[in-house]
Amino acid sequence: MIVVSVAIQKGGAGKTTTTLNLAAALRERGKKCLLIDLDPQASLSQALGVLDEPEPNIYHLLKQEASGQACNPGSAILTRSGLDLLPASLELASAELELVSVYGREHILSQILQRLTVAYDFVLLDCPPSIGMLTVNALVASNFILMPLNAEFLSLKGANSFLRHLTLIQRLNSSIKVLGFVLTRYDARKTMTREVENRLKQDYGVDKVFKIHIRNSIALAKAQQAGVDVFSFDQKSNGALDYLALATEFLSKMTGS
Ligand SMILES: Nc1ncnc2c1ncn2[C@@H]1O[C@H](COP(=O)(O)OP(=O)(O)OP(=O)(O)O)[C@@H](O)[C@H]1O
Ligand SMILES: [Mg+2]
């Protein structure tokens, strides 16, 4: 089981869209994935049509595990469009504060993942756009971090500050590796898009920027509104094609790392 945090300290970067549709593309390739919604906005849960804040959800698992009781993650897992999902709810926001005073607080999600009884190929964690207890728990539990980024200059700031935090996280999880940046809403005609890509390559290395870009695709936004992944919505759309190609590159990076 390989655990991947989809995270960056920047709102609207494409984290949720990438978590969902990369997992769906991996499903198309025969891989079994679990998605965990770690964002109190619960956008990933909503994007899979889960609108009713089900109980138990990841908030209850975290609370139970933090109080020293062993949780059963299977009790909170829902299946939507062939993907397993541990949903979130708005009350997850209070976990940020509630976990602060807990002994071993950074490792609670890792413990929950150890209790999974289904053999998943990949667990993808959709992180909130800030670095708090939830993101720290995600990074401590992960083998890799994948960072989606809008191809615009403001995003570079978010990337820099996020990677500074990651150095601190490595004290708690020395084996976490940066899988790379994925450029989203990519428009090759725009000079700025290419400049951002070149800057990332210069600053972090060519191998840290995925060759596959995710183009602007209205199908991605519409699929989210419809509560399904892009393959279930329109498998011929640019969004579906790009995420399928991304999954191929993702899998080859996995075997190469
Ligand atoms: N390639 C794309 N083409 C068109 N729209 C996109 C694309 N990627 C994402 N979007 C849209 O942009 C918005 C933000 O994307 P998303 O929710 O994935 O970002 P996020 O990083 O998870 O945001 P947050 O930080 O709030 O969690 C969404 O409305 C989504 O539908
Ligand atoms: Mg999101």
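Me: At roughly what angle do the axes of helix α1 and helix α11 cross?
Reply: This is a predicted model, and in it α1 covers residues 15-28 while α11 covers residues 238-256. Their axes come within 8 Å. Angles from 65 to 115 degrees count as roughly perpendicular, and that is the label α1 gets relative to α11. The crossing angle is roughly 75°.

Me: How many of the residues in the contact of α1 with α11 are nonpolar, polar and charged?
Reply: On the α1 side you've got Asn-21, Leu-22, Ala-24, Ala-25, Leu-26 and Glu-28. Across from them, α11 brings Gly-239, Tyr-243, Leu-244, Leu-246, Ala-247 and Phe-250. Sort them by type and you get nine nonpolar, two polar and one charged.

Me: Is Asp-242 buried or exposed?
Reply: Asp-242 is found in helix α11. Leaving out residues up to four places away in sequence, Asp-242 touches Ile-212, Ile-214 and Arg-215. The cut-off for burial is 20 or more other C-beta atoms within 10 Å. Asp-242 has 23, so the call is buried.

Me: What separates the C-alpha atoms of Asp-242 and Asn-21?
Reply: Asp-242 sits in α11, and Asn-21 is one of the α1 residues that meet α11. The two are 221 residues apart along the chain, yet their C-alpha atoms are separated by 9.6 Å.

Me: Which residues touch the most other members of the largest nonpolar core?
Reply: That core has 80 residues. Take Leu-125 as an example: beyond its neighbours within four places in sequence, its contacts include Val-3, Val-6, Ile-36, Leu-38 and Ala-138. The residues touching the most other members are Leu-35, Ile-58, Leu-124, Leu-125 and Tyr-243.

Me: Which peptide bond is cis, with omega near -5°?
Reply: Most peptide bonds are trans. Look in the loop between α2 (43-47) and α3 (58-66), where Pro-56 is found. The cis bond runs from Glu-55 to Pro-56.

Me: Ala-42 and Ser-81 both have a positive phi; which one counts as partly exposed?
Reply: Most residues other than glycine have a negative phi. Ala-42, at about 55°, lies in the loop between β2 (33-37) and α2, and counts as buried because of its 25 C-beta neighbours inside 10 Å. Ser-81, near 50°, lies in the loop between β3 (78-80) and β4 (83-86). With 18 such neighbours, the partly exposed one is Ser-81.

Note on methods:
Residues numbered from 1 in each chain as written. Chains lettered and ligands numbered in written order. Predicted model: local features only at pLDDT ≥ 70, side-chain atom pairs only at ≥ 80, totals over all residues. Axes fitted to C-alpha atoms, helices over the stretch in contact; angles between N-to-C directions. Helix = DSSP H or I, 4+ residues; strand = E, 2+ residues; numbered from the N terminus. Parallel < 35°, antiparallel > 145°, perpendicular 65-115°, else oblique. Contact = placed C-beta atoms within 7 Å. Nonpolar A, V, L, I, M, F, W, Y, C, P; charged D, E, K, R; others polar. Core = buried A, V, L, I, M, F, W, Y, C linked by C-beta atoms within 7 Å. Buried ≥ 20, exposed ≤ 12 C-beta atoms within 10 Å, placed from the backbone.
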